[in-house]
Amino acid sequence: MSNPYGYDGRPQDRPAPPPGVLPPPQATQWQQGTYAPPRQPYPPQQQYPGQQGQYQGQYQGQWAQPYYGGGPNHFNGFQPRRRKSSAIRLVLLGFFVVAFVGIALSVVGVMLAGGGSDTASRPSTNGPSVVPTATTNPEKGTAEDFLLNAPIYQVGGLGELNCPAEKLGDGGLAAQKVYYEKLFKCLNDAWRPAFAKLGSDKPDPGLVVFDQPVVTPCGRFAPLSGRVLAFYCYGNSVMYTDAKQMNKAFGSKQDLAFLMTIAHEYGHHVQGVSDLFYARAVYLQDHPEEKLESSRRNELQASCFAGVFSRAVEKSYPFTNRMAEFERQASNSFGESPNTPEDERTHGLATSQGFWILNGLNVGETKACNTFAAPTNLVK
């Protein structure tokens with residue numbers, strides 16, 4: 001029997017919704033409450049990314065697991081099951097995570113005032129420009145080996161795109177949709193050739209810009225809920241952006257923050273297409289004590305991918321003559337405050353976010369984004 005998306009098979013192989021900027025989704029069969037799809041057998045003899053063995057298993061669960069409210073015992077809103085036999089364990093974890101987890105980019109209390117036309121030399125002259133190198137030699141074919149040596153790190157830069165920004169106007173829903181539609185096309189155009197180098201031809205992701213409550217496979221979300229600016233749902237390969245929260249946090253003059261936010265969420269799509277998402281899920285099953293640090297590495301990597309994209313559009317957007325503003329936004333607008341309890345730090349400090357956004361920008365290639373090989377002091 002088909003699942004709610006009309007597809008039988010591995011969740012990572014499901015077709016994505018039509019690309020483009022979409023309105024908030026209409027009521028569905030699971031909007032009135034938690035929807036539990038029928039039990040579906042996992043196709044036997046499927047090779048899991050980065051794994052040497054083959055396995056088969058079965059998934060059962062609920063699609064409408066909420067994202068936020070997590071707490072110290074949750075990994076991005078998802079509680080790993082108790083250990084089972086290794087073969088079944090990998091199947092269950094991969095299926096549950098892809099159905100439930102939505103990654104959100106959070107905003108700290110520091111809101112920057114005013115835009116600007118600051119002129120500065122490229123931050124590569126005074127900012128980070130490092131290519132992380134693994135210091136361990138994990139067993140070939142393991143999840144750890146894939147995280148440290150994934151093919152995505154070898155695809156290089158994204159070229160130079162012609163991507164002039166649209167005006168944000170009053171920063172309302174209609175203006176944001178126009179802005180995102182242009183930016184979203186540029187993101188797809190930039191990353192599609194990189195995915196082709198990986199041998200992937202998966203459809204472009206979707207994007208929903210909302211100012212009313214929405215129901216997603218990753219949970220229910222209302223505008224101005226908590227600190228969530230935007231999130232990416234692996235359950236349907238769609239990014240969701242809270243138009244009211246974005247306008248409240250930044251205002252229409254802070255367009256570079258809008259750029260970084262949506263490019264960060266697209267970075268999570270990159271992780272899904274490149275199988276980094278699935279490898280990390282497997283790794284965490286055997287290393288649950290690393291869930292917080294691993295979450296930070298994951299979030300900072302998405303921000304680094306956003307920096308790589310920013311390099312591709314900096315001349316045409318343009319923000320070459322706004323580099324000081326870009327640096328301030330990158331290092332002050334996202335992530336967590338030093339006052340955030342350590343057991344709640346899932347995204348990394350604002351300074352860490354800035355480091356990796358600028359590192360991606362300066363290096364300009366995906367090899368800059370191997371945060372899983374970075375020293376601990378760079379992923380605080």
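Is L224 buried, exposed or partly exposed? L224 counts as partly exposed, because its relative accessibility is 42%; buried means under 20% relative accessible area, exposed over 50%, and partly exposed in between, with a 1.4 Å probe and protein chains only. This is a predicted model, in which local features need pLDDT of at least 70 and side-chain atom pairs count only at pLDDT 80 or more, while totals for chains, interfaces and linings use all residues. Residues are numbered from 1 along each chain as its sequence is written, and side-chain values use heavy atoms, with hydrogens and water left out.

**Overall fold**
- The chain has nine helices and 11 strands. Helices (H or I, at least four residues) and strands (E, at least two) are DSSP runs, numbered from the N terminus.
- Of its 380 residues, 55% count as buried.
- Take the contacts between residues at least 6 apart in sequence: 76% of them join residues at least 24 apart. Contact means heavy atoms within 4.5 Å.

**L224**
- L224 sits in the loop between β9 (219-221) and β10 (228-233).
- Leaving out residues up to four places away in sequence, L224 touches D242, K244, Q245 and K248.
- A249 is 25 residues from L224 in sequence, and the two are 9.8 Å apart in space, C-alpha to C-alpha.

**Salt bridges**
- The whole structure holds 10 salt bridges. Each is a side-chain nitrogen of Lys or Arg within 4 Å of a carboxyl oxygen of Asp or Glu.
- D189 and K185 form one, at 2.7 Å from N to O. Both lie in helix α3 (residues 173-197), four residues apart, about one turn of the helix.
- D189 counts as partly exposed because its relative accessibility is 31%. K185 is exposed, with a relative accessible area of 51%.
- A network of salt bridges links K185, D189, R192 and D204.
- D255 pairs with R322 in a salt bridge, the closest N and O atoms being 2.9 Å apart. D255 is in helix α5 (residues 255-273) and R322 in the loop between α7 and α8, so the pair ties together parts that are 67 residues apart in sequence.
- Both D255 and R322 are buried.
- R322 also meets E325 in a salt bridge (2.9 Å, N to O). R322 counts as buried because its relative accessible area is 13%. E325 is buried as well, at 2% relative accessibility.

**R345**
- R345 lies in the loop between α8 (323-332) and α9 (350-363).
- R345 is buried but has no salt bridge. The nearest side chain of opposite charge is E342, 4.9 Å away. Lys and Arg count as positive and Asp and Glu as negative; His and the chain ends are not counted.
- Beyond residues up to four places away in sequence, R345 touches L292, R296, E336, S337, P338 and T340.

**Second largest pocket**
- The second largest pocket has about 290 Å³ of space. Among its 16 lining residues, E144, L148, Y283, R297 and F372 are the closest to its centre.
- On a 1 Å grid over the protein atoms alone, a pocket is an open set of points where a 1.4 Å probe fits, with protein on both sides within 12 Å along at least five of seven lines; lining residues have an atom within 4 Å of a point.
- α2 (143-149) and α7 (291-313) each supply at least two lining residues.
- The lining divides into eight nonpolar, four polar and four charged residues. Ala, Val, Leu, Ile, Met, Phe, Trp, Tyr, Cys and Pro count as nonpolar, Asp, Glu, Lys and Arg as charged, and the others, Gly among them, as polar.

Technical notes. Grid points are joined across faces, edges and corners, and a volume is the space filled by probe spheres set on the points.
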